[in-house]
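Let's walk through this structure together, starting with the overall fold and then turning to individual helices and residues.

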Amino acid sequence: FLKMEILQTIWNALISENEILLNIVSIPMIFLEIGVAFLLFTQLLNITYTKKQCTIYILSFYVVALISYYLVPAPYNTFINIITMPVLIYFILKTNALKSILAEIIFYFIIFCVTTLLMLIYTYILNSTQFMNIPIHKLIYSLIVYIILFLVYKVLKKFNLRITLLDKFDTCSYNILIINFIVGTLSIAIQAYIEYLYTDYIPIYLIFISLAVLLLYFFISLYSLFRTSKLEQTKQLLEEEKMYNKTLNTLHDNIRGFKHDFNNIVQAI
């Protein structure tokens, strides 16, 4: 009877609003989110890393995320995480600024799409937007999100899908892309802030419109990135062809000079 009473107490705590239990549930969920994010952006951006770098990045980000989660009020802790992520990627994984910012944009874009659609499904089934305040629902919801993200990573890895167009840019193109992705990161942060403040008041169709706008922005950014990379490759090929033609002209002039000298030598002999 005592065991049944304990189980009933635990179950009641899980199915009712309990801030302490929500904080406890968030501890492993934050770690899972950082780990899945690491797998996704390193795969997509073809970022090589060692086990030491992986461990340092995940633990460092986890400590910062926990501190901001418990000490900084929402949604301002989100802004701290948004700033921390590219900084850690840049300094720990030794990649460039463009990949660091793009890694964050890719992850937040994917997780935004997944969480928005899943939240709509949850809201439709439960007919309430307050389910995130209930520990059991938050636990199930978070696990489903991270399972989906891990499956996305496995698909990317199986088909070896990567973005490999980020290595050769001139200074002007590089700076334009950096500014473009910073603006994208700010738009994602502002979107998250608005959703946090007005979750109970925003109609479903506005959420879909917001999602569509972010999708459009993301694909336009990727398209512009692709076109820029193509132009850079074409420009480099033209420069190589120009150097090759210059070499051929020099060789031709040398041969003509040798022919002229050879004829003079023959005549002299």
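**From fold to residues**

Beginning at the N terminus, the elements of the protein follow the order α-α-α-α-α-α-α-α. Please keep in mind that this is a predicted model. The protein has eight helices and zero strands. Of its 269 residues, 35% count as buried. The accessible surface of the protein is about 17200 Å², and carbon and sulfur atoms account for 70% of that area. As for how the chain meets itself, take the contacts between residues at least 6 apart in sequence: 77% of these join residues at least 24 apart.

Helix α2 spans residues 19-44 and helix α6 spans residues 135-158; their axes come within 10 Å and cross at roughly 10 degrees. Angles under 35 degrees count as roughly parallel, and α2 and α6 are therefore roughly parallel to each other. On the α2 side, the contact is made by Leu21, Leu22, Val25, Ser26, Met29, Leu32, Glu33, Val36, Leu39, Leu40, Gln43 and Leu44. From α6 come Pro135, Lys138, Leu139, Ser142, Leu143, Tyr146, Leu149, Phe150, Val152, Tyr153, Leu156 and Lys157.

Next, the stretch around helix α4. Val87 lies in this helix, which covers residues 76-92. With a relative accessible area of 41%, Val87 is partly exposed, because that class runs between the 20% limit for buried and the 50% limit for exposed. Val87 and Ser100 are 13 residues apart along the chain, and their C-alpha atoms are separated by 7.3 Å.

Further along, Lys94 sits in the loop between α4 and α5 (97-126). Is Lys94 buried or exposed? Its relative accessibility is 65%, so Lys94 counts as exposed. Leaving aside residues up to four places away in sequence, Lys94 touches Gln53 and Ile89. Lys94 also pairs up across the sequence with Tyr49: the two are 45 residues apart in the chain, while their C-alpha atoms are 8.8 Å apart in space.

Finally, a look at the cysteines. Cys54 has 19% relative accessibility and therefore counts as buried, the cut-off being under 20%. Cys113 is buried too, with a relative accessible area of 13%. A disulfide is a covalent bond between the sulfur atoms of two cysteines. How many disulfides does the structure hold? The number is zero.

Terms used. Residues are numbered from 1 along each chain as its sequence is written. This is a predicted model: local features need pLDDT of at least 70, side-chain atom pairs count only at pLDDT 80 or more; totals for chains, interfaces and linings use all residues. Side-chain values use heavy atoms; hydrogens and water are left out. Axes are lines fitted to C-alpha atoms, for helices over the stretch in contact, and angles run from 0 to 180 degrees between N-to-C directions. Helices (H or I, at least four residues) and strands (E, at least two) are DSSP runs, numbered from the N terminus. Angles under 35 degrees count as roughly parallel, over 145 as roughly antiparallel, 65 to 115 as roughly perpendicular and the rest as oblique. Contact means heavy atoms within 4.5 Å. A disulfide is a pair of cysteine sulfur atoms within 2.5 Å. Buried means under 20% relative accessible area, exposed over 50%, partly exposed in between (1.4 Å probe, protein chains only). Accessible areas come from the Shrake-Rupley method with a 1.4 Å probe; for residues, only the protein chains shown count as cover.
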